[in-house]
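User: I am new to this structure and would like a close look at its aromatic rings. Please take me through them in one connected answer.

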Amino acid sequence: MHRGLRRHATARRGPARRFAAGTLAAGVLALSLTGCGDSVDPIERLGRKTAEEKPANESGGTGSSTGPAAPSADTGSPGAASDEAYKKWGLTAPVQYAPKPAQKPQIPKAAPGKVPVIDRIPVPAGEKVVFLTFDDGAEKDPEFLKMAADLKLPISMFLTDSVAASDYGHFEKLRDNGSASTINNHTLTHPNLRTLSYEAQKREICGQQERLEKRFGKRPLLFRPPFGNYNDDTLRAASECGVSSVVLWKVSMQINNFQYAEGSALKPGDIILAHFRGPSELKGSTEIQMTTRMLQRIQEQGYRIGRLEDYL
């Protein structure tokens, strides 16, 4: 990964601080993902940051499988992969996809002049669907493009200009492979936004909005702050830049297993964080191997994959 990202990730270790009142929901814990046997260095932070941190559970977790419904035929939803694609990429069963919901769930509204912060989609109880998000854009493996296209993985990409811009065409191919994947904002240079002024945060967010719009023809609606760190200024700046939601996560994919913000298994509506990373950051594993393991963990727990933008 870009050296600048490594420095920023390392700088965020240490005691957590309280945010301004109203910025974060009380009682939600942020978990540091450093120091684990198969953790990725550097790594984003899990969930929303509050006054207390606890180690994350490293277990991959298993759960009972349920019979998923057929994929949606809507062009804005995940498409059906070929019958044999899963075997090619090391899976023992086809990846199952959640259809586009008839109605989007109710997302709590933000205060005036701010945007809502979402770390789990409020799906109906028992609806076993999770969402794939990939951050940064440092790794650009052409084989991963083939995998994502074969399996029709609906990926919400959050790209950082300083590492992704060297080959934005790679991510354009990923967007246009028939999976309804999307390109979203992860700042220009991947700073810890909480250390910046409002104006500096706005430059990071709006600047990437403008670059992505110029390159891909569409201004992103979703934004993810680096390391999951934000404050009230972030939410105001994001709103000013045309963002509709700040997207965090509850589960992070490491090299072999998930780490969880809550418990030791996936929960309905979980947003999963992964990264575009290669062997040098994954201790010899490839992006494809990491993704195969991630899909296996999802299948083991009986979950389907939804398209995040179909629910927001």
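How many aromatic pairs does the structure hold?

Analyst: In this model, which is predicted, there are seven aromatic pairs. One of them joins phenylalanine 144 and phenylalanine 276, whose ring centres are 6.2 Å apart; because their planes stand at 85°, and an angle over 60 degrees counts as edge-to-face, the pair is edge-to-face. This pair links distant parts of the chain, since phenylalanine 144 belongs to helix α3 (residues 142-151) while phenylalanine 276 lies in the loop between β9 (271-275) and α8 (287-300), 132 residues apart. Phenylalanine 144 has a relative accessible area of 0% and is therefore buried, and phenylalanine 276, at 0% relative accessibility, counts as buried too.

Another pair is formed by tyrosine 168 and phenylalanine 216, with ring centres 5.3 Å apart and planes at 75°, so that this pair is edge-to-face as well. Because tyrosine 168 lies in helix α5 (residues 168-175) and phenylalanine 216 in helix α6 (residues 198-216), the pair ties together parts that are 48 residues apart in sequence. Tyrosine 168 counts as buried at 7% relative accessibility, and phenylalanine 216 counts as buried at 10%.

Returning to phenylalanine 144 and phenylalanine 276, ring pairs link these two with Phe134 and Phe171 into a cluster.

The charged end of arginine 224 sits over the ring of phenylalanine 158, 4.5 Å from the ring's centre, and arginine 236 lies over the face of tyrosine 198, at 4.1 Å from the ring centre.

Conventions. Residues are numbered from 1 along each chain as its sequence is written. This is a predicted model: local features need pLDDT of at least 70, side-chain atom pairs count only at pLDDT 80 or more; totals for chains, interfaces and linings use all residues. Side-chain values use heavy atoms; hydrogens and water are left out. Rings of Phe, Tyr and Trp (its six-membered ring) pair if their centres lie within 6.5 Å; planes under 30 degrees apart count as stacked, over 60 as edge-to-face and the rest as tilted. Helices (H or I, at least four residues) and strands (E, at least two) are DSSP runs, numbered from the N terminus. Buried means under 20% relative accessible area, exposed over 50%, partly exposed in between (1.4 Å probe, protein chains only). A charge sits over a ring if NZ of Lys or CZ of Arg is within 6 Å of the ring centre and within 35 degrees of the ring normal.
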